[in-house]
Amino acid sequence: DADVLCHIVDASGETNREGVADGAGGDPLEDIQWVREELHYWIFGNLRHKWDAIRRTPQKLLRMFTGYHCKDGLVWAALQRAGLDPRDLNAVREWGSHDVHRLVAHFLRLRVPLLLVLNKKDHPQATVPIGP
């Protein structure tokens, strides 16, 4: 259980996904995107696996997130941010996959903030932009 996920990224692009400096290197922005997608599809897959049960008993949706060590209030906040009404969980029966993806995206932003640690950012070939 963690409050934040620290993702150490080779901002110079010198290493591949396995962290090996092989001459070909990699794209740090793709690495960041890959981690975000992996987390998203992990949770989305867990929900999809239980979706029939959630549709039968919509209140189970809130309990699906307890395995990620959060309280109902956080799930309610994610629902609200996703534009879904947490007071009407019966609407779950009508949700499409885009609604579930939206919920997961907002849940992740609230529950698993991603802190990027840009290793080798001082190298001249670093490709990850940092704004003011």
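1. Helices (H or I, at least four residues) and strands (E, at least two) are DSSP runs, numbered from the N terminus. On that basis V4 sits in the segment before β1 (5–10).

2. This is a predicted model, in which local features need pLDDT of at least 70 and side-chain atom pairs count only at pLDDT 80 or more, while totals for chains, interfaces and linings use all residues. Residues are numbered from 1 along each chain as its sequence is written, and side-chain values use heavy atoms, with hydrogens and water left out.

3. V4 is partly exposed at 37% relative accessibility (buried is under 20% relative accessible area, exposed over 50%, partly exposed in between; 1.4 Å probe, protein chains only). With I8, L115 and V117, V4 forms a nonpolar surface patch of about 320 Å² accessible area together.

4. The whole structure holds 0 disulfides (pairs of cysteine sulfur atoms within 2.5 Å). C6 is in none, the nearest cysteine sulfur being that of C70, 20 Å away. That distance is too far for a bond. C6 is partly exposed, at 46%, whereas C70 is buried, at 12%.

5. The largest pocket has about 290 Å³ of space. A pocket here is an open set of points on a 1 Å grid over the protein atoms alone, where a 1.4 Å probe fits, with protein on both sides within 12 Å along at least five of seven lines; lining residues have an atom within 4 Å of a point.

6. α1 (28–49) and α5 (97–111) each supply at least two lining residues of the largest pocket, and α1 gives the most, with 5. The lining includes Q33, R36, H40, L108 and P113.

Note on methods
Patches are made of residues with over 30% relative accessible area and no salt bridge: like charges are joined within 9 Å, nonpolar side chains (Val, Leu, Ile, Met, Phe, Trp, Tyr) within 5 Å. Accessible areas come from the Shrake-Rupley method with a 1.4 Å probe; for residues, only the protein chains shown count as cover. A salt bridge is a side-chain nitrogen of Lys or Arg within 4 Å of a carboxyl oxygen of Asp or Glu. Grid points are joined across faces, edges and corners, and a volume is the space filled by probe spheres set on the points.
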